[in-house]
Amino acid sequence: MEKLSVQLSNLSERAAGIENRANAARQEGAEKRDAAIASAKADAKAKQEAFNAQVSSANDTARSRWQAVRESFTNNSQKAQEGIKSRKEAVDLRMTKDRVALLEVYAEDAVAFALIAMNEAEIAVLDAIDARLHLEDMENA
Amino acid sequence: MLKIMPSLSEQLNKLSERIASIETNAKDALQDSSIVGEAAISAAIEGVKTGQVEFNRALSSADSELGQQWQEVQDSFQANVDLARTNIQSTIKNVDISIAEGDAEVAETYASNAIAFAELAAREAEVAVLNAVSARQHADSLK
């Protein structure tokens, strides 16, 4: 279980830090905010590659299911980013407000979805602990 | 105060609390096998249902295209979760020790992948939050 514990710890640190980094971004100038976004994007991309590598070691059925989920998730993100990018250079206040509203809705949805993914991870961890303890009970019987 | 922040801040707090509780539940489970079982897992499943209700509520306020895309992601994710959970639950109390060993490994691999995906989702959420904060600052500067 150490591996799962380490992963949970990493996830905890990442989740706890999001609000702090968002608050910090609000205090910074545009240049530093852009740097923070670029850094977060690079982290997300690295995580995506790590996820792909990890899932590729799963059996065929599990791998294809996770790949389908990941592709759906990535496609959604890319489509949203394209839609948002097309309005990025807006200097008109009304268009800018539209873009802000879109970004804020997307951010809320992304956080809500991350919560669901974390809840599912919790169930998976509990199931895995249950399965391991069941095995240990059998070995000790 | 940014327009989005009360809602987003509340959700981010939930995110932190949720993951903290996952760690606590996992540690407790390792220390006391009696807490692992229907009650703990049922409580976690209730958490998922609540999260799904909130997510669907959030989608209802999204524009139709964005909402539809998120719905597709959620459907794909849910289909994977349901199938994996059904498989794991159907074999988790196997009485053959060699099969039980394989089942434990499958459950642990699935949990590891689920954590990795949750982290991926959290990082995407972070990028989205930072983009939203940046856009709001830009809009405020135009006023």
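Guide: Helices (H or I, at least four residues) and strands (E, at least two) are DSSP runs, numbered from the N terminus. This is a predicted model, in which local features need pLDDT of at least 70 and side-chain atom pairs count only at pLDDT 80 or more, while totals for chains, interfaces and linings use all residues. Residues are numbered from 1 along each chain as its sequence is written, chains are lettered from A in the order in which they are written, and side-chain values use heavy atoms, leaving out hydrogens and water.

Visitor: OK, how many helices and strands in chain B?
Guide: Chain B comes to 4 helices and 0 strands, running α-α-α-α from the N terminus on.

Visitor: And how far does helix 4 of chain B reach?
Guide: With 46 residues, helix 4 of chain B reaches 67 Å from its first C-alpha to its last, close to the 68 Å expected at 1.5 Å a residue, where the expected span is 1.5 Å times one less than the number of residues.

Visitor: What does B:F117 touch?
Guide: Leaving aside neighbours within four places in sequence, B:F117 is in contact (heavy atoms within 4.5 Å) with residues including A:W66, A:F73, A:F113 and B:F77.

Visitor: Switching topic, why does A:T61 count as partly exposed?
Guide: A:T61, found in helix 3 of chain A, counts as partly exposed because its relative accessibility is 48%.

Technical notes:
Buried means under 20% relative accessible area, exposed over 50%, partly exposed in between (1.4 Å probe, protein chains only).
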